[in-house]
Structures are given as C-alpha cells and as structure tokens.
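Student: I have a model open and would like to talk it through with you. Could we go over it step by step?

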Amino acid sequence: MLFAFVVCLLFTIGNVDLVTSTPTGLPLIEVYYQATNSKPATNFLVLMPGLILLFTLFNVFASVSRLIWVFSKDKGLPFSNFFSTVSYQTMGT
C-alpha cells in the first residue's frame with residue numbers, strides 16, 4: 001500500500017523546487033496542493049491520515065499496556081512488582 005502511495009506521489013509531484021522550498025515546512029502538503037489546486041481538498045487529504053493515526057494510537061497504547069502487564073505478572077520485566085500491580089480507584093476518592 002505504501003508502495004502505491006509513493007508511486008502516485010512521484011507521478012503527481014509537480015514542481016520539485018517549489019516542493020523542496022515550501023513555506024509550510026511539510027513538502028507533502030505542497031504536493032497535495034499542487035495536485036488539487038484547492039486548499040480545502042489539501043486540508044482534507046492531510047486531515048484523513050491524521051485522524052487514522054489518532055485512532056490507531058489509542059489501540060497501540062492499549063495493547064502495549066496489556067503486554068507490559070502480562071509480562072510483569074510472569075516476572076518477565078524489570079520492576080515487575082510495580083507494573084503488575086493493578087490499583088482500583090473510583091472517581092472522587
């Protein structure tokens with residue numbers, strides 16, 4: 001999938017000098033703008049991967065925290081006593 005994205009990006013890159021010296025600091029935004037010639041479309045194309053990244057980060061943190069907890073229960077990590085302890089606190093106490 002990334003290979004297809006890179007191939008499409010290289011075919012739509014447009015003016016390379018403008019992309020490398022973009023005032024935004026992110027060349028990908030300039031490539032999107034050159035391809036669409038529209039600021040709303042550019043914002044949409046930049047926002048969609050950002051939203052996907054935001055949602056995937058929550059899943060990554062949840063899975064990593066579970067892995068750390070399970071490994072520490074089996075005494076497989078340094079400071080296992082600290083990481084294997086689950087503290088149940090209610091809101092307001």
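Predicted model: local features only at pLDDT ≥ 70, side-chain atom pairs only at ≥ 80, totals over all residues.

Student: Which pattern does the protein chain follow along the sequence?

Tutor: Count the elements to begin with: there are 5 helices and 0 strands. Reading along the sequence then gives the pattern α-α-α-α-α.

Student: Among contacts between residues at least 6 apart in sequence, what share joins residues at least 24 apart?

Tutor: A contact here means heavy atoms within 4.5 Å. Take the contacts in the protein chain between residues at least 6 apart in sequence, and ask which of them join residues at least 24 apart. That share is 3%.

Student: And the surface: how much of the accessible surface belongs to carbon and sulfur atoms?

Tutor: The accessible surface of the protein chain comes to about 7900 Å². The part that belongs to carbon and sulfur atoms is 73%.

Student: Now to the helices. Which elements are included in what covers the buried residues of α3?

Tutor: Helix α3 spans residues 27-36, and its buried residues are Glu 30, Val 31, Tyr 32 and Gln 34. One of them, Glu 30, touches Leu 18, Val 19 and Thr 22, leaving aside residues up to four places away in sequence. The cover over the buried residues of α3 includes α1 (2-11), α2 (16-20) and α4.

Student: Which residue with a positive phi follows α3?

Tutor: Look in the loop between α3 and α4, where Asn 37 has its place. Its phi is near 55°, a positive value in a residue other than glycine. With 61% relative accessibility it counts as exposed. The residue that follows α3 is therefore Asn 37.

Student: What is the phi of Phe 79, and where does that residue lie?

Tutor: Phe 79 counts as exposed, at 66% relative accessibility. The residue lies in the loop between α4 and α5.

Student: How far apart are the C-alpha atoms of Asn 43 and Ile 29?

Tutor: Asn 43 sits in helix α4, residues 39-73, and is exposed because its relative accessible area is 53%. Along the sequence, Asn 43 and Ile 29 are 14 residues apart. In space, C-alpha to C-alpha, they are separated by 8.2 Å.

Student: Is Ser 80 buried or exposed?

Tutor: Ser 80 belongs to helix α5, residues 80-84. Not counting residues up to four places away in sequence, it touches Ser 72 and Lys 75. Its relative accessible area is 7%, so Ser 80 is buried.

Student: What distance separates the C-alpha atoms of Val 70 and Ser 80?

Tutor: Val 70 is found in helix α4 and is partly exposed, with a relative accessible area of 40%. Along the chain, Val 70 and Ser 80 are 10 residues apart. Their C-alpha atoms are separated by 9.7 Å.

Student: One last topic: how many aromatic pairs does the structure hold, and why is the geometry classed as it is?

Tutor: The structure holds 1 aromatic pair. Its rings belong to Phe 82 and Phe 83, with centres 5.3 Å apart and planes at 70°. Phe 82 is exposed at 63% relative accessible area, while Phe 83 is partly exposed at 37%. Because planes over 60 degrees apart count as edge-to-face, the 70° angle makes this pair edge-to-face.

Conventions
Residues numbered from 1 in each chain as written. Heavy atoms only, no water. Phe/Tyr/Trp six-rings, centres within 6.5 Å; stacked < 30°, edge-to-face > 60°. Buried < 20%, exposed > 50% of the residue type's maximum accessible area, 1.4 Å probe, protein only. Helix = DSSP H or I, 4+ residues; strand = E, 2+ residues; numbered from the N terminus. Areas by Shrake-Rupley, 256 points an atom, 1.4 Å probe, with all protein chains shown as cover.
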